[in-house]
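Thank you all for coming; I would like to walk you through the packing and the ring contacts of one model. Please have a look at it first, and then I will go through the details.

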Amino acid sequence: MTDTEATFSDGLSVEAVLDRVRTHEFHPVDETSFTIDRTLGEHGIADLDDDDWRVRLLAVRDLVRLGDAKTSKIAGALEDDDVQARYVCATALGILRAQSEVESLDRVVREDPDPLARSQAIVALGQIGATQSLDLLRDRHANDDSKDVRHQAELSIDRIEKGAVAEPELEAAYRNLDEDTFEQLAVGEAAPSFVLPDTDGRTWDLEDSVGDEWTVLIWVFADWCPVCHREFDELIELREELHAADINVATIECHGGYRGRVMVGHELEPEYWFAEESFIESYAERIWWPHLLDRAGAVGATYGVDPMAYAVHAEYINRPATIILDPTGTVRFAYYGTFWGDRPSIEETVEIIQSEQFEFEHPERR
């Protein structure tokens, strides 16, 4: 353990971290791996102050901070009765690239009854680069009962074959999460500054965007999200209109490099159940805006986007969010979704800016 890890993990233990998870009352997840608001009985979480996301995110952070010296204890908790505990443990093992715990993750993939746990164990195997698990992953890609698990198996097979393990920057982003910086965004005030890499390895600095143009920041989910792909389609369709209106756009994803590159069509093209045509052929080469990697959701947590808010397709993801900054860098509009489809379209976002009427509510908002 390094001196830094020792400082971070002072007073922590795997059991103490997981006790915080076990004793928290999370919103339930239905048989299709979608979170259900416990009060409304509908997909999503209506309460923007709900702290499910914070409990999950900080649990993953603290397990990562415990580091390689504790991976065997983290792996032991993959048999915990609480699926949330199993989920955060699988997440941490992938981020830590815990090659020594592949056998335990394989067991989750083979035996765990919950697709949330199977899916995240498969993600972890891909992040680790577990070549010894390829036959198992191919079997799960062909035969798992959950389409979401099958999808993650397809991605992990591809990244293992390419050697695209989780980058050290992902681990560092989790380890360095500071809860004192969470939820700092306020409408009417200057937007918190940030610098993020895009999927091509370039650096994008918010300060460079402030000046003569409006800036729209859009947090999307992942490559399996048809609504997110529709937003990409709209951005392509409305490129000239956006430029004419002096609107600068960046989309943001709370994932590491490989997953972000899948979203923009620079890795494989998965077998999407919702796609009628090749999304790579239809738009991937026409993406003109930066797609940014918000590793660990660090910027999203600052901006109130709630990383790991709720499960969609067996993966915990951020709330969808649209943030509008005026040319001075002042936040004029901050919209946080209550379920996976709750967000303004790109066309509606343009209308909000042009009219300077910063009000919007999705008709199906929870």
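Predicted model: local features only at pLDDT ≥ 70, side-chain atom pairs only at ≥ 80, totals over all residues.

Let me begin with Tyr335, which is buried at a relative accessible area of 5%, where buried means under 20% relative accessible area with a 1.4 Å probe and protein chains only. Residues are numbered from 1 along each chain as its sequence is written, and side-chain values use heavy atoms, with hydrogens and water left out.

Phe333 is buried as well, with a relative accessible area of 5%. Phe333 and Tyr335 form a stacked aromatic pair, 6.1 Å centre to centre with 10° between the planes; the rings of Phe, Tyr and Trp (its six-membered ring) pair if their centres lie within 6.5 Å, and planes under 30 degrees apart count as stacked, over 60 as edge-to-face and the rest as tilted.

Strand β9 covers residues 331-336 and pairs in the antiparallel sense with strand β8, residues 321-325, over five bridges; strands here are DSSP E runs of at least two residues, helices are H or I runs of at least four, both numbered from the N terminus, and two strands pair if DSSP finds at least two bridges between them. Ile323 stands opposite Ala334 in β9, and the two strands form a hairpin with five residues between them, where Gly329 in the turn has a positive phi of about 90°.

Turning to the other rings, a search of the whole structure finds 14 aromatic pairs. Among them, Phe194 and Trp204 form a tilted pair, at 5.8 Å centre to centre and 35° between the planes. Because Phe194 lies in the loop between α10 (168-175) and β1 (195-197), and Trp204 in strand β2 (residues 203-205), this pair ties together parts that are 10 residues apart in sequence. Phe194 counts as buried at 6% relative accessibility, and Trp204 is buried at 12%. Ring pairs also link Phe194, Trp204, Trp219 and Tyr303 into a cluster.

Finally, which residues of helix α2 are buried? In α2 (residues 14-22) they are Val14, Val17, Leu18 and Val21. They cover an arc of only 90° around the axis, taken from the directions from the helix axis to the C-beta atoms, which puts them on the same side of α2.

Key: Buried < 20%, exposed > 50% of the residue type's maximum accessible area, 1.4 Å probe, protein only.
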